[in-house]
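Please have the sequence and the model open while reading.

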Amino acid sequence: MPLQGNIESFGISEIFQLISQQGKTGTLEIQTPHGLARLRFLEGNLLEAWPDKRTPAEYIGSLLVRSGLVTAAQLAQALDAQRQSLRRLGDILLRMGVVRIADFQGVLALQHRETAYRLLQLRRGSFRFVPGPVEPEEGVSVPMDVGELLMEGFRQLDEWPKLLERVPSEKQVYGRVAETPEATDLGRAQSRVYQLVDGTLTVREVVDRARLGEFVGWEALAHLCEKGLITPLGAARYARVEPKPARLSRVPDALAALGLAALAAALLFLFAGQGVDTVRRLARAARQAGAEAGAVVERGRRWEAGAPFVRQDAQRPSPSPPAGEGLEEGSQPSQGNR
């Protein structure tokens with residue numbers, strides 16, 4: 001018979017404890033404001049935990065890329081093979097030889113563990129536990145002790161607020177202060193995070209590559225900062241810098257202008273005795289050539305000064321509207337004006 005009820009009267013931690021103490025095997029479904037989360041238990045141990053609202057950033061493939069174990073190109077190749085064979089992504093990546101089984105197990109277990117920690121924060125919703133057989137995925141699934149998950153989950157709930165005061169932003173970048181003897185006497189988490197701090201990676205990137213989990217990675221950064229081994233360098237800026245176009249030299253433009261002027265003078269000299277009409281046409285051509293030469297020189301001057309070049313045949317701007325009839329600052333034209 002399914003066990004079901006409301007989270008307001010029977011908390012998630014109490015449900016976990018009951019399943020663990022009785023060594024239950026089955027599926028726990030938790031209905032939240034975002035959707036339905038599913039957790040599978042095997043003899044009282046947590047086997048899998050899938051969130052109620054999954055985003056592409058939470059998919060196992062994205063986690064493997066963010067952790068630095070798989071490249072984006074390798075993931076794209078594996079996803080293409082998955083569409084053709086319908087095999088599990090993990091199985092394809094393992095067969096491709098791009099990730100080790102231990103690393104894949106670690107990332108998958110971390111994904112399930114972090115989901116369980118987030119679900120412990122729920123205060124509203126409903127649950128339903130259905131006993132039944134659960135088949136672990138051979139070579140991939142790693143059962144996790146529920147008691148240890150609950151102890152760590154409670155610790156994180158209590159200490160997150162203070163931790164966020166010490167490391168307030170995932171966009172912060174840290175750099176090493178110096179190589180000191182203390183840096184060799186660190187715990188596993190702090191040592192892994194310290195090796196990743198290089199003055200370019202953000203908090204989010206360091207935590208993802210450390211593969212320790214949100215809280216543990218944040219905590220390690222805070223301790224390293226307190227020990228004086230790392231220091232904040234500021235928030236990362238990802239503004240794309242567009243390359244500036246190379247400016248043309250004015251020398252070729254000046255030579256072109258001189259060449260046009262010399263050609264016009266030579267034509268006038270050669271055809272001076274060919275009649276008035278011919279001379280007039282040549283004079284007109286010479287004036288036009290002179291104007292073109294002046295335009296070429298002007299274009300080079302404006303380009304060198306960094307000013308925009310406006311073509312002579314460009315559409316003329318419409319006359320300014322009378323006072324009081326223009327658009328207000330920040331407003332947009334109506335559909336009919338587009």
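The largest cavity has a volume of about 30 Å³. The model is a predicted one. The count of cavities of 30 Å³ or more comes to one. Elsewhere in the chain, five strands make up an open sheet, and Arg40 lies in one of its strands, β3.

**Cavity**

- The residues that line the largest cavity are Gln172, Val173, Tyr174, Val197, Leu201, Thr202, Val203, Val206 and Leu221.
- Two elements, β6 (172-176) and α8 (203-210), each contribute at least two residues to the lining of the largest cavity.
- Strand β6 provides the largest share of that lining, with three residues.
- Sorted by class, the lining of the largest cavity holds seven nonpolar residues, two polar residues and no charged ones.

**Sheet**

- The strand order in the open sheet is β1-β5-β2-β3-β4, and the pairing is antiparallel.
- At the edges are β1 (3-6) and β4 (45-50), each of which pairs on one side only.
- From one strand to the next, the twist averages 15 degrees.
- Strands β3 (residues 35-42) and β4 run antiparallel and are joined by five bridges.
- Within this pair of strands, Arg38 has Trp50 of β4 as its bridge partner.
- Helix α1 (residues 12-21) packs on the sheet, where it touches β1, β2 (26-32), β3 and β5 (126-131).
- The direction of helix α1 makes about 175 degrees with that of β2.

**Arg40**

- Arg40 has a relative accessible area of 22%, so it counts as partly exposed; the cut-off for buried is under 20%.
- Not counting residues up to four places away in sequence, Arg40 touches Gly26, Thr27, Asn45, Leu46, Leu47, Glu48, Val134 and Glu135.
- Among these contacts, Asn45, Leu46, Leu47 and Glu48 fall within the residue range of the edge strand β4 (45-50).
- Gly26 and Thr27, also touched by Arg40, fall within the range of β2 (26-32).
- Arg40 and Val130 are 90 residues apart in sequence, and their C-alpha atoms are 9.8 Å apart in space.

Methods. Residues numbered from 1 in each chain as written. Predicted model: local features only at pLDDT ≥ 70, side-chain atom pairs only at ≥ 80, totals over all residues. Heavy atoms only, no water. 1 Å grid on protein atoms, 1.4 Å probe; cavity = no way out; pocket = protein on both sides within 12 Å on 5 of 7 lines; lining within 4 Å. Points joined across faces, edges and corners; volume = space filled by probe spheres on them. Helix = DSSP H or I, 4+ residues; strand = E, 2+ residues; numbered from the N terminus. Nonpolar A, V, L, I, M, F, W, Y, C, P; charged D, E, K, R; others polar. Pairing = 2+ DSSP bridges. Axes fitted to C-alpha atoms, helices over the stretch in contact; angles between N-to-C directions. Contact = heavy atoms within 4.5 Å. Buried < 20%, exposed > 50% of the residue type's maximum accessible area, 1.4 Å probe, protein only.
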